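Open the model in your viewer and keep the selection tool at hand. We will start with the whole chain and then move to a few side chains.

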Amino acid sequence: QVQLVESGGGLVQAGGSLRLSCAASGTIFSINVMGWYRQAPGKQRALVASITSGGSTNYMGSVKGRFTISRDNAKNTVYLQMNSLKPEDTAVYYCNTYSGTGWGRRDYWGQGTQVTVSP
């Protein structure tokens, strides 16, 4: 089992910045991919950004150039630096990691942290 603990959400004005953190722990011996999803009211949960243990990254198109995902492998912690925030970024943000692929994939989720961007 993997446990994910998130922090760093809050309220910020448009154009401001926040940094989210997520620390992973549990009985697994390695964590490859970690990422951030977000879900706004009435919308599907969507992948915002992901990063591998080797540092390869992937971003949702609407956040490219504004958000940066990074990780500290020694601490099993992933970060999401969010700059130039917009009201449409308002959502609950969830840390994620998984094992396996395809039909054998098993996902683990953080508790969610609210990010609210005021106009």
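Predicted model: local features only at pLDDT ≥ 70, side-chain atom pairs only at ≥ 80, totals over all residues.

**A tour from fold to rings**

Switch to cartoon view. You will find 11 strands and 0 helices. Now zoom out. The C-alpha atoms fill a box of roughly 45 × 30 × 25 Å along the principal axes. A compact globule of 119 residues would have a radius of gyration near 14 Å, and the protein agrees, with 14 Å.

The accessible area is about 6500 Å², and carbon and sulfur atoms account for 50% of that. Of the 119 residues, 40% count as buried.

Colour by charge next. There are 11 positive and 5 negative side chains, and the centres of the two sets lie 3 Å apart.

Now look for rings. The whole structure holds 2 aromatic pairs. Select Tyr37 and Trp109: their ring centres are 5.0 Å apart and their planes meet at 70°, so this pair is edge-to-face. Tyr37 sits in strand S4 (residues 34-39) and Trp109 in strand S10 (residues 106-109), so the pair ties together parts 72 residues apart in sequence.

Is Tyr37 buried or exposed? At 14% relative accessibility, Tyr37 counts as buried. Trp109 is partly exposed, at 35%.

Tyr94 lies in strand S9 (residues 91-99), so its pair with Trp109 in strand S10 ties together parts 15 residues apart in sequence. Tyr94 is buried, at 15% relative accessibility.

Finally, show the three together: ring pairs link Tyr37, Tyr94 and Trp109 into a cluster.

Terms used: Residues numbered from 1 in each chain as written. Heavy atoms only, no water. Helix = DSSP H or I, 4+ residues; strand = E, 2+ residues; numbered from the N terminus. Rg over C-alpha atoms; globule rule 2.2 N^0.38 Å. Buried < 20%, exposed > 50% of the residue type's maximum accessible area, 1.4 Å probe, protein only. Areas by Shrake-Rupley, 256 points an atom, 1.4 Å probe, with all protein chains shown as cover. Lys, Arg positive; Asp, Glu negative; His and termini not counted. Charge placed at Lys NZ, Arg CZ, Asp CG, Glu CD. Phe/Tyr/Trp six-rings, centres within 6.5 Å; stacked < 30°, edge-to-face > 60°.
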